[in-house]
Amino acid sequence: MILVADDDIGTRLSISDYLELSGYSVVAAENGQEALALVDEYQPHLIVTDITMPRMDGYELVRRVRQKVEFRLLPVIFLTARTDIQERIRGYQLGCDLYLPKPFDLDELGAVVRNLLERSQMIQAEMIHAEWRSRHQEAELSAEKTNATAKFTPTPALSTVSLTEREQEVLQLLADGLSNIQIGHRLHLSPRTVEKHVSSLLRKTETNNRAELVRFVMEHGLMH
């Protein structure tokens with residue numbers, strides 16, 4: 001889910017159409033105030049925003065988004081016609097990941113979006129993995145303190161879920177933090193084929209996104 005904020009309707013529509021054709025879900029806003037409300041409603045995975053907008057500019061939008069704990073790592077791309085170095089420094093200090101000067105190339109924007117999303121997925125997977133390791137260690141220590149007869153072991157993996165051999169391979173690589181493109185290279189599959197396997201895994205495990213899927217993997221003992 002990507003949020004696009006720009007007061008210019010032509011720019012807003014062209015970006016939204018391009019990203020939707022690239023396979024993303026998109027919500028759009030014409031000013032920062034409207035965008036901030038959409039952040040709370042849709043919880044996007046990335047923001048593409050203009051800086052100069054009515055009611056609330058891009059700087060203020062990002063400042064307020066970064067105040068929310070759950071969005072401190074949310075990737076943000078600034079689109080701007082401004083070239084002043086101090087303005088760009090201000091954006092980076094607020095938490096912008098990248099500037100794209102107007103006019104920009106949509107293919108370049110698409111490449112930046114893919115890169116930031118893949119990096120975000122890997123960071124989330126590592127954070128979940130670290131959380132799981134901490135919980136695992138706490139459970140083992142608790143078992144030792146209570147003279148448990150056996151150490152903590154995770155629930156048998158996916159005992160109620162039937163997966164194909166290929167789905168199991170994709171699932172393990174997802175749990176290792178690999179992106180779709182990296183999984184495709186590892187398994188010699190196209191990105192579209194990998195995405196089909198991921199969609200099947202989400203359906204079979206009744207999870208809503210990759211982060212939940214990775215958590216499911218770890219809670220069911222699939223992490224090596």
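Visitor: How do you know which angle to take?
Guide: Angles run from 0 to 180 degrees between N-to-C directions, and axes are lines fitted to C-alpha atoms, for helices over the stretch in contact. By the way, this is a predicted model, where local features need pLDDT of at least 70, side-chain atom pairs count only at pLDDT 80 or more, and totals for chains, interfaces and linings use all residues. Residues are numbered from 1 along each chain as its sequence is written, and side-chain values use heavy atoms, leaving out hydrogens and water.

Visitor: What about H2 and H3, at what angle do they pack?
Guide: Helix H2 (residues 32-42) and helix H3 (residues 58-66) pack at about 25 degrees, with axes 9 Å apart. H2 and H3 are therefore roughly parallel to each other.

Visitor: Which residues of H2 and H3 meet there?
Guide: From H2 come Gly32, Ala35, Leu36 and Val39, and from H3 come Leu61, Arg64 and Val65; contact means heavy atoms within 4.5 Å. By class, that contact has five nonpolar, one polar and one charged residues. Gly counts as polar and Arg as charged, while Ala, Val and Leu are among the nonpolar ones.

Visitor: Why are S1 and S2 called a pair?
Guide: Two strands pair if DSSP finds at least two bridges between them. Strand S1 (residues 2-5) and S2 have four bridges, in the parallel sense, so they qualify as a pair. One example: the bridge partner of Ala5 is Ala29 in S2.

Visitor: What makes S2 and S5 edge strands?
Guide: The open sheet has five strands in the order S2-S1-S3-S4-S5, with parallel pairing. Strand S2 (26-29) and strand S5 (98-101) each pair on one side only.

Visitor: How many helices and strands does the protein have?
Guide: Nine helices and five strands. Helices (H or I, at least four residues) and strands (E, at least two) are DSSP runs, numbered from the N terminus.

Visitor: And what share of the protein counts as buried?
Guide: Of its 224 residues, 43% do. Buried means under 20% relative accessible area, exposed over 50%, and partly exposed in between (1.4 Å probe, protein chains only).

Methods
Angles under 35 degrees count as roughly parallel, over 145 as roughly antiparallel, 65 to 115 as roughly perpendicular and the rest as oblique.
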